[in-house]
Amino acid sequence: MTFRLIDRDWDSEFTKGLAEHSGELRIVCPFIKCRALVRILSPWPTSLRVITRFNLSDFARGVSDMEALRRVLDAGGAVRGVQGLHAKLYIFGAGRAIVTSANLTGADLTANREFGVVTEDGAAVKHCLNWFDALWRNAGGDLQRSQLDDWTRSVSSYLASGAPPKVSGDLGDFGAVVRIKPPSIDLPTIIADPPQAFVKFLGHGSDRSPLDRSTIKAIKRSGCHWALAYPSGGGRIRPTGVRDSAVMFISRLVKEPNDIRIFGRAVALKHKAERDDATAEDIKRRPWKDRWPRYIRVHHAEFVAGTMRNGISLNVMMDTLGSDSFESTRRNMDSGRGNTNPRMSIRQQPAVELSNKGFEWLNVRLESAFENHGRVPLHDLRKLDWPELPADPKPSP
């Protein structure tokens with residue numbers, strides 16, 4: 001019998017499996033990210049069948065990608081869904097099987113210590129094939145592109161509304177019920193390997209917050225739990241540089257001493273004209289939005305509990321990292337031209353893009369602040385104003 005125990009470098013195991021058994025690949029995996037799927041499955045197998053989860057909350061939280069499922073369909077593969085799926089099984093042709101704790105995500109395949117077994121034992125592979133076939137038969141019909149389109153609209157509407165906690169369970173789970181449905185799991189938002197990261201500034205030099213002001217007051221005043229406001233610039237300038245899934249670190253100018261404290265984090269949606277312009281109702285609620293009417297909508301926002309004192313000091317980050325703090329100063333340092341002083345780069349700016357080192361530095365320390373001080377409770381966030389969900393049709397099962 002041929003078994004190998006593995007706890008790292010799962011991407012190389014996939015590469016070997018596809019090189020030796022390129023005809024057919026069967027996947028059972030709860031969470032699939034598009035970048036990991038495309039990297040691993042290159043070239044694509046001639047036949048591909050995937051069993052995964054169709055819980056729309058998974059896609060909203062970023063633990064799985066609908067675009068990955070679309071890639072499978074575009075390649076001629078088939079996808080079916082099972083509620084509460086936790087198993088991870090990968091079968092290469094009829095000659096190799098992997099049973100592992102690793103999902104098809106970049107972190108699981110390259111960084112995390114995921115444990116499992118690789119086998120080419122004929123009897124073991126046959127058992128895996130029989131189990132897959134039985135699960136496939138009970139996993140409902142094949143996913144259709146029209147379903148994906150409906151689901152994409154539903155999730156996009158939910159995210160555009162800030163992903164309010166009170167409606168997260170209304171998105172629906174369209175997987176088949178196979179035997180006993182396990183209890184649902186409240187998964188964390190994925191904040192890893194973002195396409196971009198920014199610090200968004202709230203307040204200005206003449207309106208600095210005291211350090212003892214509560215973070216919930218800052219959230220209520222700004223509405224930053226669902227939208228980050230930018231100035232209009234005479235009606236022409238829009239915040240078009242922020243891409244979908246960028247991480248937005250939310251900060252407030254504070255006094256005593258003059259500093260900027262990062263007290264929250266959220267995931268961005270790319271700016272879309274009209275949808276992301278302040279409405280008359282928005283301006284009535286917060287009159288200052290008449291001058292700051294452009295939005296970067298955010299979802300799954302989370303904030304440090306307590307006061308601004310519990311936030312992360314941007315001054316400390318700039319002192320520690322210097323020109324490596326922000327993307328612009330890092331590029332200027334590399335090229336030998338332009339400003340390399342991080343403090344000068346943030347003057348009169350509504351937001352600034354972080355370098356990779358800046359993102360990692362802030363992310364680690366904000367996680368530590370969450371652990372030490374807690375997060376603003378969901379029941380407090382539920383009481384805040386949230387934009388209404390757009391009137392999109394219910395997604396088809």
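K200 lies over the face of Y230, 5.0 Å from the ring centre; a charge counts as over a ring if NZ of Lys or CZ of Arg is within 6 Å of the ring centre and within 35 degrees of the ring normal. This is a predicted model, in which local features need pLDDT of at least 70, side-chain atom pairs count only at pLDDT 80 or more, and totals for chains, interfaces and linings use all residues. Residues are numbered from 1 along each chain as its sequence is written, and side-chain values use heavy atoms, with hydrogens and water left out.

**Aromatic rings**
- Six aromatic pairs are counted, a pair being rings of Phe, Tyr or Trp (its six-membered ring) with centres within 6.5 Å, stacked if the planes are under 30 degrees apart, edge-to-face if over 60 and tilted otherwise.
- F249 and F359 are a tilted pair because their planes stand at 55°, with ring centres 6.1 Å apart.
- This pair joins strand β10 (residues 247-254) to helix α13 (residues 356-373), its members being 110 residues apart; helices (H or I, at least four residues) and strands (E, at least two) are DSSP runs numbered from the N terminus.
- Both F249 and F359 are buried (under 20% relative accessible area, with exposed over 50% and partly exposed in between; 1.4 Å probe, protein chains only).
- One aromatic cluster consists of F54, W151 and F174.

**Helix α13 and its end**
- The buried residues of α13 include W361, L362 and F370.
- Elements covering the buried residues of α13 include β8 (197-202), β10 and α10 (314-321), with contact meaning heavy atoms within 4.5 Å.
- R375 sits over the face of F370, 4.1 Å from the ring centre.
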